Amino acid sequence: MKERLTAAMDKIGLPRLIIGLFLIVFCVGAAILKLPMSMLLSDMLVRFGMNAVLVLAMIPAIRAGTGLNFGLPLGVICGLIGAVVAIEYKFSGLTSFLVALGVSIPLAVLTGYLYGLLLNRIKGQEMVVGTYVGFSIVSGMCIFWLLAPFHNPEMVWAYGGTGLRNTITLESSFDKILNNFLAFNIGQVQIPTGLLLFFAFLCLLLWFFSRSKSGMAMHVAGSNPRFAQSCGINVNKMRILGTVLSTVLAAVGILVYNQSYGFLSLYNGPLMMAFPAAAAILIGGASLRRATIGHVIIGTFLFQSVLVVASPLFNVIVEGSFSEIFRGIISNGVILYALTTGREE
Amino acid sequence: MMAMKLELAKNSSVLTVRIRQKLIEMAVPLLFLVLCGIGAYFAQLSPVFLINEIIMRMARNPLLVLALIIPVVAGMGMNFAITLGAMAGQIGLIIITHYEINGITGLLVAALIATPFAVLFGYLTGKLLNRAKGKEMITSMIFGFFANYVWQLFFLAFVGSIIPMRNEKLILSTGVGLRNTIDLAGIRQSLDNLLKIQVVQGLSIPVSTLLVVALFCVLITFFMKTKLGQDIRAVGQNMEIARISGIDVDRVRIYAIIISTVLAAWGQLIWLQNIGTLNTYGSHVQVGLFAVAALLIGGASVTKATIWQVLLGTFLFHTLFIISPVAGRNLVGDAQIGEFFRVFVAYGVIAVTLLLHA
């Protein structure tokens, strides 16, 4: 009995189990406190959709063998540049979203390529180097946002200040462009169809890629570099490919996130973006060496749902920014757990 | 004759290699020396002010940077989790502020209270890092973040509700949670003022604090010559060989982290007694980042660090810290750009040196 229990535990994984239990307990709590369930459910769906692509960006990195991509802010910044350019030239609606994608994707390919070259020089330390490369680029970009020659009054400080604002509204450009596409209600729960479809579309692309020849090669290179080498696979090239894909997905991911959020946040906004995304995929059951689309879906749903329910619940029970603390403890705790239980090494 | 020539050639090539190595080692400090020079030129600060600021920072900061040395020697890289040491120090300060123990006695009592906490935190960090061999740096960094949230949970939610604490100076008006800033008037500059020499108006030297820093530099040098110090070095050079020669590797690594954490706790105390106010939820957050950046600017790498690099790095990093906002304002008319720049430098130098040495 005990053995079977531990076997079941191993299969589910401790993070998934704990967060799942949290979710159940919180939902019961919310039901007891009579919090509006339909609103919570709508929020869960939206939060799932807006974060899922950023979490998806972890997959190519893990599969290519570079571990969790803590350099995610690099891709995020590419996405932000795309968005800022789209707003500067006063595009609106779907066009602005496409322009933002069109600008940011090539930028992300280039950034990912350079970042991949860099990661090939420091094999084994990708995560810490990635973190600090990300941090330094984010803080370097702070200077860029301050000095960049943008003129659209929606984005620059109205008077007195210089440079772009901290948060830029997307009202005139692509606010909720995906969320509202084909959106409908079931009862009082709103389904953000476009958002979910877009995520599903990206999952499908990634799935097709992983079935392709280079997708397979990347997987082999990531899981067993020596073996890959002996099969004639260029491991370094595959690692670069994984990094490029991850960076591109991060750029797309932040645009999806922003269109749902309704604002861009520049300056230090992207600084800590990698950690919740990493935590989500780990909660889903991924490890530093293995990740699937299923992990992304389960993890993002569990993590975001728990946060959605926790926040109003904590507001009723205790004062202060408790849900922020809760989020921080969970996301860092889960990453720590993954770092210190490296069975597969 | 031929043999001699060969010998000479070999010697000279060894020499050039050595010079090249030294140059590479000195490249980062030299670069920052140049940066400081340029910054100082544009900042146009009065020399007395600048020197006073530098001396003050050379007194209050090096201990936090010194705390990093031993884990580096132990082969564990940069211990970003000295954040936990800083927290231990702050726990000491919160307690003495609560009981209103003032002056140098207060500071000493704070150190006494902080030490067992630091040992405990160091032990936990060490245990954790032993489970993440080869990934120590990222693990210590994430552990620092994690601990920061636990700190918030504890002092925002538990203090005043679960842990009884009533002191208007400390607790928020709601009765739960510590205030954002805590005035440390009771112990403000109690160590600095123990022996302070005023050279000219606006320039004083906190001799007592500098002596404490010097004492710790000597102690660490001495410590590295003891049995435990040698074991730490052996573990740092090669864990396998150390294990075969009978060293309990895991235990030695835990010792290294405990020492680092305790030093960080005391370092945070010295730093905060000079600042005079505790930013309850912020003072410890950047400690790891700035200490690591300072050490690396001094020319250290993640595998090699010396006391001279600590001192040089602290000097260069903090000079840049004083100068860059002023230089930024004078150059572009915006002080914020200097602020961004120095954060960029702190992160950037860590990224670049990791790239060079990892």
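## Chain B: fold and overall form

Chain B of this predicted model has 14 helices and four strands. Helices (H or I, at least four residues) and strands (E, at least two) are DSSP runs, numbered from the N terminus. The radius of gyration of chain B is 22 Å, close to the 21 Å that the globule rule gives for 358 residues, so chain B is as compact as a globular protein of that length. That radius is taken over C-alpha atoms, and the globule rule is 2.2 Å times the number of residues to the power 0.38. The C-alpha trace of chain B spans about 85 × 55 × 35 Å along its principal axes.

Of the 358 residues in chain B, 48% are buried. A residue is buried if 20 or more other C-beta atoms lie within 10 Å of its own, exposed if 12 or fewer, and partly exposed in between; C-beta atoms are placed from the backbone. Two residues are in contact if their C-beta atoms, placed from the backbone, lie within 7 Å.

## Confidence and conventions

Chain B has a mean pLDDT of 89, and 96% of its residues reach 70 or more. pLDDT is the predictor's confidence in each residue, from 0 to 100. For the complex, the predictor gives an ipTM of 0.89 and a pTM of 0.90.

Residues are numbered from 1 along each chain as its sequence is written, while chains are lettered from A and ligands numbered from 1 in the order in which they are written. In this predicted model, local features need pLDDT of at least 70 and side-chain atom pairs count only at pLDDT 80 or more, but totals for chains, interfaces and linings use all residues.

## Two domains in chain B

Chain B divides into domain 1 (58–285) and domain 2 (286–358). These bounds come from an automatic or database domain assignment. The C-alpha centres of the two domains lie 20 Å apart. Domain 1 of chain B puts 24 residues into the contact, and domain 2 of chain B puts in 19 residues.

On the domain 1 side, H3 (62–66), H4 (69–73), H5 (82–98) and H8 (207–223) of chain B each supply at least two residues. H3(B) gives the largest share, four residues. That side of domain 1 divides into 17 nonpolar, seven polar and no charged residues. Ala, Val, Leu, Ile, Met, Phe, Trp, Tyr, Cys and Pro count as nonpolar, Asp, Glu, Lys and Arg as charged, and the others, Gly among them, as polar.

## Chain A: fold and overall form

Chain A has 14 helices and four strands. Its radius of gyration is 20 Å, close to the 20 Å that the globule rule gives for 345 residues, so chain A is as compact as a globular protein of that length. The C-alpha trace of chain A spans about 65 × 55 × 35 Å along its principal axes. Of its 345 residues, 52% count as buried. Residues 24 or more positions apart account for 75% of the contacts in chain A with a separation of 6 or more.

Helix H1 (residues 2–12) of chain A is hardly covered: the count of buried residues among its 11 residues is zero. Just after H1(A), Gly13(A) takes a positive phi of about 90 degrees.

Phe26(A) is found in helix H2 (residues 14–32) of chain A. Phe26(A) is buried, with 22 other C-beta atoms within 10 Å. Leaving out residues up to four places away in sequence, Phe26(A) touches Val306(A), Val309(A), Ala310(A) and Leu313(A).

## Where the chains meet

In the interface, 32 residues of chain A are in contact with 35 residues of chain B. On the chain A side, helix H7 (126–147) and helix H14 (322–340) each supply at least two residues. H7(A) gives the most, with 13 residues. The chain A side divides into 18 nonpolar, 12 polar and two charged residues.

## The largest nonpolar core

The largest nonpolar core has 232 residues, and those with the most contacts inside it are Met58(A), Ala277(A), Ala278(A) and Leu68(B). Helix H11 (residues 249–275) of chain B gives this core its largest share, 16 residues. The core draws at least three residues from each of domain 1 (58–285) and domain 2 (286–358) of chain B. A nonpolar core is a set of buried Ala, Val, Leu, Ile, Met, Phe, Trp, Tyr and Cys residues joined through C-beta atoms within 7 Å.

Ala277(A) touches Leu54(A), Val55(A), Ala57(A), Met58(A) and Leu72(A), not counting residues up to four places away in sequence.
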